[in-house]
Structure formats: structure tokens, C-alpha cells
Amino acid sequence: MPIDMKNIISETFIDMVRQKGLDKITVKALIEACNISRQTFYYHFQDIMDVVEWSVTKSAQNMLSRSLEAESPEKALEVFITSAAENQSLISKLLNSHRRDEIEKTFLNATRTYLQEMLKRKVPESTLSYSDLNVLLDFWACGITGLLFKYCSDKDLNVSQLADQIYRLLSEQMLQK
């Protein structure tokens, strides 16, 4: 079986972020921890931020796969929220870096892509215009990402309740009461 070097680099990077935060990680330190050459690193990634983006995108794709297996939209949102809550310490360490703006954009893009794929697969007959769909996806992504950043650090977070609240907001049920 061939070695998946991108995954090895990504997993090592994530472990390093958990231990010491993003700002302390250099390409040199990462290649030493992976026991690979600089050339091997640059074959797979352009820089440290490229590793962050690839890792977040990969995580969002995994959540999408698990969400698509959920029996309801609320359960699909629970998958997303649970994943964010379980990785809150990692997310906090990424956000507490001098690259916070880039990290936030990366999470926003991953959330938007996740929502776009869910919508495409669950509501393929959507009649929204391209422009309206883009505004809707941006609005949802900003809102959900902001809520996750705010609530997922809460040790007493009720994932089911937050998923239900977000679902009702997305489906306009909250506004109809």
C-alpha cells in the first residue's frame, strides 16, 4: 500500500499545533517531525498555510460524508457541530495565531463548501438564482462559523439543541412562530 504523504504531513502538523500552537511551527520543524526532506514537503504543499487549508478542507469533506448519511438535516448539523466541538482546542490554537484572518477565511470557505454540497445533494431542484444562492451561502457560512467559534468552547454545549436552533433558522421555522 502506498504511503499517503499528504496525510502524514497533515496529521503531524495537527499534532504539532495541538502541542505548541501554529505560530511556533516552521516548515523546518514539520519536516523534521515527519522525517522527510524539504523537497518532499514542497512537492505536496506550498507553505504552512497550505497545510492548514488542506487539513481543514479534508476535515470538512469527512464531515460532509458523515452528514450525508444522517437521517435528518438536524442530525447532519449535529455531525458538523460535534466535530467542531471535539476539535475546539485545535481550532482555538489556530485562531490564536498571528494568522487569524487567514484561518477564519479558511474556516468560512470550508463551511461554505460544506453547505453548498449539502444543499446541492439534498435540494437538487433549488430554483434560486446564482446570485441569490451565493449571498445565501455566504450568509449561512458566516453565521454558522461565527456560532461555532462562539459556542463550541462551551463545555456544557447541547449539540442537539444548537443543531435544532440552526436548522430552524436555516429553514425559517424560528421566524414563523
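Biologist: How far is the sulfur of C142 from the closest cysteine sulfur?

Modeller: Bear in mind that this is a predicted model, where local features need pLDDT of at least 70, side-chain atom pairs count only at pLDDT 80 or more, and totals for chains, interfaces and linings use all residues. Residues are numbered from 1 along each chain as its sequence is written, and side-chain values use heavy atoms, with hydrogens and water left out. A disulfide here is a pair of cysteine sulfur atoms within 2.5 Å. The closest cysteine sulfur to that of C142 sits in C152, too far for a bond, at 16 Å.

Biologist: And how many disulfides does that rule give?

Modeller: C152 is in no disulfide, with the sulfur of C142 as its nearest cysteine sulfur. By the rule, the count is zero.

Biologist: Is C152 buried or exposed?

Modeller: Buried means under 20% relative accessible area, exposed over 50%, and partly exposed in between (1.4 Å probe, protein chains only). C142, at 48%, is partly exposed. C152 has 4% relative accessibility, so it counts as buried.

Biologist: Which helices do the buried residues of helix 8 pack against?

Modeller: Helices are DSSP runs (H or I, at least four residues), numbered from the N terminus. In helix 8, the buried residues are N134, L137, W140, A141, I144, T145 and L148. They fall within an arc of 135° seen down the axis (taken from the directions from the helix axis to the C-beta atoms), so they line one face of the helix. With contact meaning heavy atoms within 4.5 Å, they pack against helix 5 (73-86), helix 6 (88-95), helix 7 (100-122) and helix 9 (159-170).

Note on methods:
Helices (H or I, at least four residues) and strands (E, at least two) are DSSP runs, numbered from the N terminus.
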